[in-house]
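Subject: Structure handover

Hello,

Here is the structure I promised to pass on. Please open it and keep it beside you while you read the notes below.

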Amino acid sequence: DGPPPTLRAFDPKKPEVLWEVPRFGDGSLIRINDQVLVVKSDGMLVLFRADPKSFSEIGRVRLTDSLVRALPAYSQGRLFLRDTSRLYCFRLAKDR
């Protein structure tokens with residue numbers, strides 16, 4: 001094992017790193033409009049702005065204390081997440 005991975009934003013048209021967050025950790029990213037959800041393997045949910053200029057965290061919350069390895073899914077305002085023993089459904093947006 002090494003240090004936690006760095007989160008990086010890059011320009012896909014040229015090999016240029018736009019910004020980075022050292023020791024962010026590993027997780028799965030889901031872009032929703034102008035925001036990005038990250039479900040980290042340690043059970044933390046991080047929300048940040050999808051901005052090429054800088055990393056701007058909106059908030060974070062612990063969803064589970066168990067290890068998360070399965071890919072999460074987002075649909076109709078709900079986040080589906082599986083840890084080592086349970087399947088969760090979190091409502092992240094108001095119903096319309």
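First, a term you will need: a pocket is an open set of grid points with protein on both sides within 12 Å along at least five of seven lines, and its lining residues have an atom within 4 Å of a point. Keep in mind that this is a predicted model.

**The second largest pocket**

How much space lies in the second largest pocket? About 220 Å³. Strand S1 (7-11), S2 and S3 each supply at least two residues of the lining. S1 gives the most, with three residues. Find Leu 7, Arg 8 and Ala 9 in the lining. By class, the lining has nine nonpolar residues and three charged ones. It has no polar residues.

**The salt bridges**

Side chains of opposite charge can pair when their charged atoms come close. The cut-off used here is a side-chain nitrogen of Lys or Arg within 4 Å of a carboxyl oxygen of Asp or Glu. By this rule, the model has five salt bridges. Here are some of them.

Start with Asp 26 and Arg 69. Their closest N and O atoms are 3.9 Å apart. Why does this pair tie together parts that are 43 residues apart in sequence? Asp 26 lies in the loop between strand S2 (16-21) and strand S3 (27-32), while Arg 69 lies in the loop between strand S6 (57-62) and strand S7 (73-75), so the bridge links those two loops. Asp 26 is partly exposed, at 35% relative accessibility. Arg 69 is exposed, at 61%.

Next, go to Arg 60 and Glu 57. Their side chains meet in a salt bridge, at 2.9 Å from N to O. Arg 60 is partly exposed, with 41% relative accessibility. Glu 57 is partly exposed too, at 33%.

Then find Asp 65 and Arg 62. This salt bridge has its closest N and O atoms 3.9 Å apart. Is Asp 65 buried or exposed? Asp 65 is exposed, with a relative accessible area of 73%.

Take the pocket first, then trace each pair in turn.

Best wishes

Key: Residues are numbered from 1 along each chain as its sequence is written. This is a predicted model: local features need pLDDT of at least 70, side-chain atom pairs count only at pLDDT 80 or more; totals for chains, interfaces and linings use all residues. Side-chain values use heavy atoms; hydrogens and water are left out. Helices (H or I, at least four residues) and strands (E, at least two) are DSSP runs, numbered from the N terminus. Buried means under 20% relative accessible area, exposed over 50%, partly exposed in between (1.4 Å probe, protein chains only). On a 1 Å grid over the protein atoms alone, a cavity is a set of points where a 1.4 Å probe fits but cannot get out, and a pocket is an open set with protein on both sides within 12 Å along at least five of seven lines; lining residues have an atom within 4 Å of a point. Grid points are joined across faces, edges and corners, and a volume is the space filled by probe spheres set on the points. Ala, Val, Leu, Ile, Met, Phe, Trp, Tyr, Cys and Pro count as nonpolar, Asp, Glu, Lys and Arg as charged, and the others, Gly among them, as polar.
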